[in-house]
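The sequence and the structure are shown first.

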Amino acid sequence: MKIIYCCYGGAHTSIVASSIHMGYLPTDKIPTSEEILSVPYYDQSANNSVGTPLFMGVDEYTNEVYVMGMGHHRDYYAVMTYEYAHILASDKGTSIRIINALSCINNYIRIGGFLSRRANLISIGRPLTVFGIQRNYKYFVELVSNLKKAIKVD
């Protein structure tokens, strides 16, 4: 199975959710700023990478885990990704899950992400995203936990 965590830009919420999934971040406590900033690709997506899946690793169930920014075109990219998966599935029996990590977002992450990735004010934006992630961390853990429970059932 291929799992794609998606969000607006592919730099914060999807990165954190996939990092929890992969075990890069803890599930039993709120991570420190340093832990969040040390996960692969955190706050590093290029503005032109929207719609391009980024490989994060293989989980304990041998699922491939990706992140993808979807920008303003979430519906379009979701349909396109599912159609592509359908083509793959007919050849290799591959299935896909697209997980919307935007359900975990708050205004700190939203504003911080804009300042960091769009306005290039990284020194202001990045700490705001980290603060927002720490405030909503339980929702990220819940999102990943629910997915992993569903995967076990499948």
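## Sheet and cysteines

In this predicted model, strand E1 (residues 2-7) and strand E3 (residues 64-69) pair in the parallel sense, over six bridges. One of the contacts in this pairing joins Ile 3 to Val 65 in E3, its bridge partner.

Both strands belong to an open sheet of four strands, ordered E2-E3-E1-E4, and the pairing in the sheet is mixed. Strand E2 (54-58) and strand E4 (96-100) are the edge strands, and each pairs on one side only. On average, neighbouring strands of this sheet are turned by 25 degrees against each other, direction ignored.

Helix H1 (residues 13-22) lies across E1, E2 and E3. The direction of H1 is at about 145 degrees to E1.

How many disulfides does the structure hold? The number is zero. Cys 6 is in no disulfide, and the nearest cysteine sulfur, that of Cys 7, is 7.3 Å away. Likewise, Cys 7 is in no disulfide, with the sulfur of Cys 6 as the nearest cysteine sulfur at 7.3 Å. A disulfide requires a pair of cysteine sulfur atoms within 2.5 Å.

Are the two cysteines buried or exposed? The table gives the relative accessible area of each.

| Residue | Relative accessible area | State |
|---|---|---|
| Cys 6 | 4% | buried |
| Cys 7 | 4% | buried |

Cys 6 is classed as buried because its relative accessible area of 4% is under 20%. Cys 7, also at 4%, is buried under this cut-off.

Technical notes:
Residues numbered from 1 in each chain as written. Predicted model: local features only at pLDDT ≥ 70, side-chain atom pairs only at ≥ 80, totals over all residues. Heavy atoms only, no water. Buried < 20%, exposed > 50% of the residue type's maximum accessible area, 1.4 Å probe, protein only. Pairing = 2+ DSSP bridges. Helix = DSSP H or I, 4+ residues; strand = E, 2+ residues; numbered from the N terminus. Axes fitted to C-alpha atoms, helices over the stretch in contact; angles between N-to-C directions. Contact = heavy atoms within 4.5 Å.
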